[in-house]
Amino acid sequence: MTTGTPSPPLRPAPRSKLRRYVPLGIAAWMVLEIWLLTQVSSAWGGLTVFLLLVAGLVLGGVVIKRAGRRAFKGWTEQLQQVQRGETPERNPRAGGNALTMVAGLLLMLPGLVSDVAGLLLLLPPVRALLTKRVERSMERRMSKAGPGTFENAFQQARIHRPDGKVVQGEVIREDVIREDRAPEEPRDQGPRPPLTG
């Protein structure tokens, strides 16, 4: 049943600064990559650029494959520990596998800046520094989120309307007969009047 009061118009959520500037940053990065590739090709020739791109693709594939194998081996060991009834010990290298895969992806992307970033991520001190920073950032965000679980957050998102109002309601099932009441006669299901709102 509808009520006579219309819901207020929905306003879009304000965009964060990061979402506003990411497309601009990606466009600038692409322009820089193309400019660097043209500079290298004019200095050393097109064959050199082609060989650099192929080398980055092959090296990135090898890095991703090795990191994937290490991650799969770690997951398998943890699963075996759980099946034996032991508490799985935390692998300190697990976070390094994710960053190693990112390094492989950066190496596979065509361009020199992405190759340099991928090679930097392959260095263990850089990976350790980034892992610590990401962990600290996640801890800060989780502490700001307050108590509760992700399940509660998803449930709250479901029962609240986008404008923040909670939709109140009650479910009535006529097929369930309570023991303290006598069964009622079936009601006439004739035509119903139209809803006005």
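At what angle do H1 and H4 pack, and how far apart are their axes? The legends below take that up, after an overview. This is a predicted model, in which local features need pLDDT of at least 70, side-chain atom pairs count only at pLDDT 80 or more, and totals for chains, interfaces and linings use all residues. Residues are numbered from 1 along each chain as its sequence is written, and side-chain values use heavy atoms, with hydrogens and water left out.

**View 1. The whole chain has six helices and zero strands.** Reading from the N terminus, the elements go α-α-α-α-α-α. Helices here are DSSP runs of H or I with at least four residues, strands are E runs of at least two, and both are numbered from the N terminus. Of the 197 residues, 12% count as buried (under 20% relative accessible area, with exposed over 50% and partly exposed in between; 1.4 Å probe, protein chains only). The chain exposes about 17200 Å², and carbon and sulfur atoms supply 63% of that (Shrake-Rupley method, 1.4 Å probe). Take the contacts (heavy atoms within 4.5 Å) between residues at least 6 apart in sequence: 59% of them join residues at least 24 apart.

**View 2. Helix H1 covers residues 17-44 and bends at Pro23.** Its 28 residues reach 40 Å from first C-alpha to last, close to the 40 Å expected (1.5 Å times one less than the number of residues). The bend at Pro23 is about 25°, taken between axes fitted to the seven residues ending there and the seven starting there. After H1 comes Gly45, with a positive phi near 105°.

**View 3. H1 packs against H4 at an angle of about 100°.** Their axes are 7 Å apart; these are lines fitted to C-alpha atoms over the stretch in contact, with angles running from 0 to 180 degrees between N-to-C directions. That makes H1 roughly perpendicular to H4 (65 to 115 degrees). On the H1 side, the contact uses Trp29, Leu32, Glu33, Leu36, Leu37 and Val40, while H4 brings Leu112, Val113 and Ser114. Glu33, Leu37 and Val40 are the buried residues of H1, and they pack against helix H2 (46-83) as well as helix H4 (112-121).

**View 4. Val102 sits in helix H3, residues 94-108.** Val102 is partly exposed, at a relative accessible area of 37%. Val63 is 39 residues away along the chain, and the C-alpha atoms of Val102 and Val63 are separated by 9.4 Å.

Key:
Parallel < 35°, antiparallel > 145°, perpendicular 65-115°, else oblique.
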